[in-house]
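Dear colleague,

I am passing on to you the structure that we talked about, with some notes to read beside it. Please have it open as you go through them.

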Amino acid sequence: MQDDRGSTVPRRQLGRCLRDLREKSGSTVQAAARALEWSTAKLWRIETGQVPMRTHDVATMCRIYRATPEITEALTGLARETRARGWWHSYGDAVPEWFSLYVGLEAAATRVRQYEPELVPGLLQTKAYTRAFIRIECPHLTDAELDRMVAVKMHRQRLLTRLLPEPPRLEVLLSEAVLRRPIADRAAMAGQLTHLVETVQRLPHVTVRVLPLAAGPTRASIGGPFAMLDFAGGEPTTIYCEGPTGALYLDKPAEATTYEAIWDSVATLAVDPQESMDIIASFAKEYDHD
């Protein structure tokens with residue numbers, strides 16, 4: 001199977017290296033942007049790994065930051081890798097620019113942890129469930145546009161069954177509220193919950209645990225849903241928080257430490273995996289018999 005992790009990790013690696021070079025040269029973002037005749041926003045996108053890079057631009061940055069020839073050669077070589085394209089680019093604007101970075105990170109991760117208080121995570125959704133929520137979020141889409149967005153979600157799910165590289169471990173903490181909040185088509189809701197149970201049973205690297213409403217408010221209640229992505233090879237853990245018009249990507253050590261503590265505190269309140277499957281299956285039966 002094709003390794004379609006794309007250019008996300010090389011972009012992040014290059015961005016961190018360029019940021020380190022700038023800081024070691026004593027240059028601020030504003031001063032570097034002026035010297036490069038770029039906006040500070042462009043420089044920020046480069047340093048956070050959100051855009052591919054041309055070798056010429058990297059060489060210019062290295063010159064301004066007084067990098068050695070060896071470092072310049074290494075970073076211009078890395079720049080070539082940032083222009084590789086992942087599968088999601090073929091879907092055009094069905095994948096927003098701010099989300100395409102996440103798709104690449106998700107494909108490169110070795111472990112994905114998700115806390116979801118509102119809906120079933122995208123990697124575990126059925127087509128019917130996906131369509132229902134996209135319709136709620138984007139009510140003015142044409143049927144063709146809706147079909148493309150559903151296709152993107154379904155393509156992402158191949159991540160869990162790929163052969164090479166090994167799929168990431170997916171761990172989900174799912175609020176009981178998600179189970180109690182059905183979509184309009186209750187039979188489709190039953191199918192979604194049945195799909196959750198069957199996926200966990202079929203894929204040993206997928207775990208879903210239910211957070212009971214009786215547990216009360218948690219440390220995650222204020223911040224809402226989030227994903228934590230871990231990587232091999234020294235890449236820092238990245239926390240992803242999504243909103244209606246964009247997303248936050250957090251990877252500073254202090255940020256990762258905070259979210260690790262939040263994840264651990266919520267995980268201690270969730271029921272064990274087998275009991276979680278029993279709870280989900282019981283809700284599926286209720287909706288199926290309505």
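The notes below take up the helices, the loops, a strand pair and a pocket.

This is a predicted model, in which local features need pLDDT of at least 70 and side-chain atom pairs count only at pLDDT 80 or more, while totals for chains, interfaces and linings use all residues. Residues are numbered from 1 along each chain as its sequence is written, and side-chain values use heavy atoms, with hydrogens and water left out. Helices (H or I, at least four residues) and strands (E, at least two) are DSSP runs, numbered from the N terminus.

I begin with helix H2 (residues 29–36), whose buried residues are Ala-32, Ala-33 and Leu-36; buried means under 20% relative accessible area, exposed over 50%, and partly exposed in between, with a 1.4 Å probe and protein chains only. These three cover an arc of only 100° around the axis, which puts them on the same side of H2, the arc being that of the directions from the helix axis to the C-beta atoms. What covers them includes helix H1 (8–24), helix H3 (40–47) and helix H4 (55–64), where contact means heavy atoms within 4.5 Å.

In H3 the buried residues are Leu-43, Ile-46 and Glu-47. They lie on the same side of H3, because the arc that they cover around the axis is only 95°. The cover over these buried residues of H3 includes H1, H2 and H4.

The backbone after these helices also deserves a look. Just after H2, Glu-37 takes a positive phi of about 60°, in a residue other than glycine; Glu-37 lies in the loop between H2 and H3 and, at 72% relative accessibility, counts as exposed. H3 is followed by Gly-49, whose phi is positive as well, near 70°. Arg-66, found in the loop between H4 and helix H5 (69–81), is another residue other than glycine with a positive phi, near 60°, and Arg-66 counts as exposed at 62% relative accessibility.

Turning to the strands, E5 (residues 238–242) and E6 (247–250) run antiparallel and are joined by four bridges, two strands being paired if DSSP finds at least two bridges between them. The bridge partner of Glu-242 in E6 is Ala-247, and a hairpin of four residues joins E5 to E6. In the loop between strand E3 (206–211) and strand E4 (226–230) lies Ala-214, which counts as exposed at 80% relative accessibility. The C-alpha atoms of Ala-214 and Glu-176 are separated by 9.1 Å, although these residues are 38 apart along the chain.

Finally, the second largest pocket has a volume of about 620 Å³. A pocket here is an open set of points on a 1 Å grid over the protein atoms alone, where a 1.4 Å probe fits, with protein on both sides within 12 Å along at least five of seven lines, and lining residues have an atom within 4 Å of a point. The lining has 23 residues, of which Arg-19, Trp-44, Thr-48, Tyr-249 and Asp-251 lie nearest the centre of the pocket. H1, H3, helix H6 (97–108), E6 and helix H11 (253–267) each supply at least two residues of this lining.

Technical notes. Grid points are joined across faces, edges and corners, and a volume is the space filled by probe spheres set on the points.
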